[in-house]
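Colleague: Could you take me through one part of this model in detail, the sheet and the salt bridges around it? I'd like the cut-offs spelled out as you go.

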Amino acid sequence: MKRFLPVLAIGALTLAGCANTSTMGGNVYSSNQVGAEQTVRFGTIQALRQVQVQADSRAGGIIGTGGGAVIGGLLGNQVGGGSGRTLATAAGVIAGSVAGSKIEESANRVSAWEMEIRRDDGLNVVVVQKADQAFQVGQRVRLIGSGSNITVAPY
């Protein structure tokens with residue numbers, strides 16, 4: 001049993017990073033955007049700032065919290081005997097669930113750009129998207145889409 005704990009721990013922590021962050025980039029379109037007419041506006045980047053986006057987990061945090069609790073409980077169960085083992089198991093479950101949740105949360109963070117763009121019509125807008133391509137202040141860009149569905153692409 002003790003030989004399988006490291007394998008179990010690595011497996012559970014690997015599954016913790018199950019967020020789908022590919023849709024946050026400027027080079028990826030969702031299926032409902034394909035074939036749909038989209039508005040294109042032009043502008044110039046006025047300011048750039050690197051930020052982090054906390055992606056939502058597909059499993060709603062259950063994998064990190066649940067996996068951590070299971071691993072913590074198994075590790076705690078290896079300590080002591082009798083009521084001491086029971087207490088160590090309970091403490092392991094609690095500590096493991098907290099640690100697993102934090103690990104999953106940090107695994108689901110994505111580097112992104114916060115871009116302040118002065119559109120050609122004079123309006124300043126801010127768009128945040130995954131940092132999957134290089135941008136720089138003064139660069140001309142296209143803003144593709146509308147409302148909450150905007151992608152910034154080089155011009």
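Modeller: Let's start with a side-chain pair: arginine 49 and glutamate 114 meet in a salt bridge, 3.0 Å from N to O. By salt bridge I mean a side-chain nitrogen of Lys or Arg within 4 Å of a carboxyl oxygen of Asp or Glu. Arginine 49 sits in strand β1 (residues 40–54) and glutamate 114 in strand β2, so the pair ties together parts that are 65 residues apart in sequence. Strands here are DSSP runs of E with at least two residues, helices are runs of H or I with at least four, and both are numbered from the N terminus. Both partners are partly exposed: arginine 49 has a relative accessible area of 47%, and glutamate 114 has 25%. For that scale, buried is under 20% relative accessible area, exposed is over 50%, and partly exposed lies in between, using a 1.4 Å probe and protein chains only.

Before going on, a word on what you're looking at: this is a predicted model, where local features need pLDDT of at least 70 and side-chain atom pairs count only at pLDDT 80 or more, while totals for chains, interfaces and linings use all residues. Numbering runs from 1 along each chain as its sequence is written, and side-chain values use heavy atoms, with hydrogens and water left out.

Now the sheet. It is open, has five strands in the order β3-β2-β1-β4-β5, and pairs antiparallel; two strands count as paired if DSSP finds at least two bridges between them. β3 and β5 (149–154) are at the edges with a single partner strand each, so one side of each has no neighbour in the sheet. On average, neighbouring strands are turned by 40 degrees against each other, direction ignored. Those angles are between axes fitted as lines to C-alpha atoms (for helices, over the stretch in contact), on a scale from 0 to 180 degrees between N-to-C directions.

Zoom in on β2 and β3: they run antiparallel and are joined by seven bridges. Methionine 115 stands opposite valine 127 in β3, and tryptophan 113 has glutamine 129 as its bridge partner there. The two strands make a hairpin with four residues between them, and glycine 122 in the turn has a positive phi of about 95 degrees.

Arginine 119 meets aspartate 121 at 2.7 Å, N to O; arginine 119 counts as buried at 14% relative accessibility, whereas aspartate 121 counts as exposed at 54%. Aspartate 120 forms a salt bridge with arginine 140, with the closest N and O atoms 2.7 Å apart. Aspartate 120 is in the loop between β2 and β3 and arginine 140 is in β4, so this pair ties together parts 20 residues apart in sequence. Aspartate 120 is exposed at 52%, and arginine 140 is partly exposed at 32%. In total, the structure holds three salt bridges.

Finally, the packing. The largest nonpolar core has 10 residues, including Trp113, Met115, Val127 and Leu143; such a core is a set of buried Ala, Val, Leu, Ile, Met, Phe, Trp, Tyr and Cys residues joined through side-chain atoms within 4.5 Å. Its largest share, three residues, comes from β2. Leucine 143 touches Ile117, Val125 and Val127, among others, where contact means heavy atoms within 4.5 Å.

Key
Lists of a residue's contacts leave out its neighbours within four places in sequence.
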